[in-house]
Amino acid sequence: MELFYSIFFLPLEIIMKLILDFNLRLTGSYGTSIIWLSIIVNLSLIPIYILAQKFRKKDRDKKELMKDMLDKIKKNYQGRERYFYMQAYYKINDYSPFSSILASLGFLVQIPFFVAAFYLLSNYEPFLGTSFWILQDLSKPDGLL
C-alpha cells in the first residue's frame, strides 16, 4: 500500500504543497491559500472534464442508436442466448460496454487529487491553531456538519 501511495498520491501531494506554500506567500493566509489551491486544481482538470464529456456524449449517442434493437433482444431472449445476441450486436456496432468506464474519466481522475489533498491538508502542521473566518482551528474538523 505504501508503494501505491508513493507512486500515485505522493507526487500530487508534493505539487499541492508547493502550490499551497506559494499561495501562502502571496496571500499571507492559510485559509485563502486553501481556496486558491482548490481553484488551481479544478482549473488544471478542466481539459480532462471536457474530454470526459466528449466520451460520455459519444457513448450516450451510440447507446441511443442501439436502444431499439437491444430492447427487442431483451424482450425476446433470456439467459445465455440474450447475452450472446447482445454481444454480437455490440460487435456489429463496434461498441464495448467498457467504454462507459472511459465516459467516467472525469470522476476517476479526481480521486487521486482528493486523496492527495486529504493527506496534505490533514497532516499539515502549520494549520495547528490557525484560524480562518469562522473556523477556529484549520487542523481540526469544522463541526458545522
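Which side chains meet in a salt bridge at 3.5 Å, N to O? They are the side chains of Asp59 and Lys63.

The model is predicted: local features need pLDDT of at least 70, side-chain atom pairs count only at pLDDT 80 or more, and totals for chains, interfaces and linings use all residues. Residues are numbered from 1 along each chain as its sequence is written, and side-chain values use heavy atoms, with hydrogens and water left out.

**View 1. Salt bridge between Asp59 and Lys63 in helix α2.** A salt bridge is a side-chain nitrogen of Lys or Arg within 4 Å of a carboxyl oxygen of Asp or Glu. A search of the whole structure finds four of them. Asp59 and Lys63 lie four residues apart, about one turn of helix α2 (residues 30-76). Helices are DSSP runs of H or I with at least four residues, numbered from the N terminus. Asp59 is buried at 9% relative accessibility, while Lys63 is partly exposed at 38%. Buried means under 20% relative accessible area, exposed over 50%, and partly exposed in between (1.4 Å probe, protein chains only).

**View 2. Salt bridge between Asp71 and Lys67 in helix α2.** The closest N and O atoms of this pair are 3.0 Å apart. Asp71 and Lys67 are four residues apart, about one turn of the helix. Asp71 is partly exposed, at 35% relative accessibility, and Lys67 is partly exposed at 41%.

**View 3. Salt bridge between Lys17 and Asp21 in helix α1.** The closest N and O atoms of Lys17 and Asp21 are 3.0 Å apart. The two residues are separated by about one helical turn because they are four residues apart in helix α1 (residues 2-27). Lys17 has a relative accessible area of 36% and is partly exposed.
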